[in-house]
Amino acid sequence: MMQLALQAAREAQRVAPPNPAVGCVIVAPGGDVIGVGHTQRTGGPHAEIMALRDAQARGRSVEGATVYVTLEPCAHHGRTGPCCDALVAARVGKVVASLADPNPLVAGQGFERLRAAGIVVEVGPGEEEARELNIGFFSRMLRKTPWVRMKLAASLDGKTALENGVSQWITSHAARTDGHAWRARAGAVLTGVGTVLEDDPRLDVREVETPRQPPLVIVDSHLQTPPDARLFDTPDRPVWIYAAAPHADKAAPLQARGVDVRYLPNPQGKVDLPALLQDLAAREVNELHVEAGHKLNGSLLREGQVDELLLYLAPKLIGAGMDMASHIHAQGPLQTLAQALELEFRSVESIGPDLRLIARLAGRSGWFE
């Protein structure tokens, strides 16, 4: 039953942000599934409410039923009312939850209110998968920064483009479609002004269905983003630019296009990347999907701001070309292999003719455990 709830949670991943992706299954005392639901768009019903409504639509009573839910029912008034109170009012008999909500406004209070109402509470089934489904939400709540996932597409010898800059297309259409699915679940997509100027990309979600376009974040120290760039062709998508110093004459035409410009300089006159991530967390970004060039990639890795790599490898050898990231070590070229940036492989899958590797920076797997 918890696997059914986790499947429902996966269906919420493109819909729910910035809320966590939660699934819920209600089972009658006789063992029948009488209600299934998942969290809706921001401001809409949570998973428990959708499952209760589903049971009502089927004409089934939930009194004494067991509720399987992938995250602790909320206990606070946010954009919606507390789900724990709705379950109490519905007179369910038991709640089985994967894990506690890391939100300080909940953090066990939902379980306490359920138990106080005489409802049996069990916590633990599906814990690991439920946490992975919402790793960005846990990151934002516990670390006050998004989970940063860097997407790369390269040849088997690690080149993202030819020496002349040509990169379309190293990987297959299947890999690009899969990449769009990862964009769709993100809280925001981040790139650098170099990519904007060189490729004029849209960086929106086109290859998969999506109910929302994640905001586009541009690291642009000197506000060089052209006001007529193709990225502005995507309707109803917020564009946030982070710069290092005010340029009123450059900011005005961008702001006229609806851009939110913020200034976060570091001592070197560049954008302060850790401060940028903290600001994105304050904007309720759970997962940050990075699609940038080798310079910004290198800066993010060098400053320890990347959690995970989403790497598509094509069965091609290019030879001389552009690397995935430049200058990832502050000390310059390494002298020993012990100085290398350590990763942990999480999965390897075939996507069309290409391989998709997910690798996590060493130590990032255990910060939330």
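D354 is found in strand β16 (residues 354-361); strands are DSSP E runs of at least two residues and helices are H or I runs of at least four, numbered from the N terminus. The model is predicted, so local features need pLDDT of at least 70 and side-chain atom pairs count only at pLDDT 80 or more, while totals for chains, interfaces and linings use all residues. Residues are numbered from 1 along each chain as its sequence is written, and side-chain values use heavy atoms, with hydrogens and water left out.

D354 is buried but has no salt bridge. Buried means under 20% relative accessible area, exposed over 50%, and partly exposed in between (1.4 Å probe, protein chains only). A salt bridge places a side-chain nitrogen of Lys or Arg within 4 Å of a carboxyl oxygen of Asp or Glu. For D354, the nearest side chain of opposite charge is K316, 6.6 Å away. Lys and Arg count as positive, Asp and Glu as negative; His and the chain ends are not counted. The side chain of D354 makes a polar contact of 2.7 Å with that of S172. Such a contact is a pair of N or O atoms within 3.5 Å; within protein, one must be able to donate a hydrogen and the other to accept it, and residues adjacent in sequence count only if both atoms are side-chain atoms.

D101 is found in the loop between β4 (94-97) and α4 (109-116). D101 is also buried without a salt bridge. Here R140 is the nearest side chain of opposite charge, at 8.8 Å. A polar atom of the D101 side chain lies 2.8 Å from the backbone nitrogen of N103.

Strand β1 (residues 23-27) has 5 of its 5 residues buried. G23, V25 and V27 cover one side, C24 and I26 the other. β1 pairs with β2 (residues 33-38) in the antiparallel sense over 5 bridges; pairing requires at least two DSSP bridges between strands. C24 has G37 as its bridge partner in β2. In the hairpin of these strands, G31 takes a positive phi near 105 degrees. β1 also runs antiparallel to β3 (residues 66-69), joined by 4 bridges. I26 stands opposite V67 in β3.

I26, V62, V92 and V95 touch the most other members of the largest nonpolar core, which has 43 residues. A nonpolar core is a set of buried Ala, Val, Leu, Ile, Met, Phe, Trp, Tyr and Cys residues joined through side-chain atoms within 4.5 Å. Helix α2 (residues 47-57) gives the most to this core, with 5 residues. Apart from it lies another core of 28 residues, including V285 and L288.
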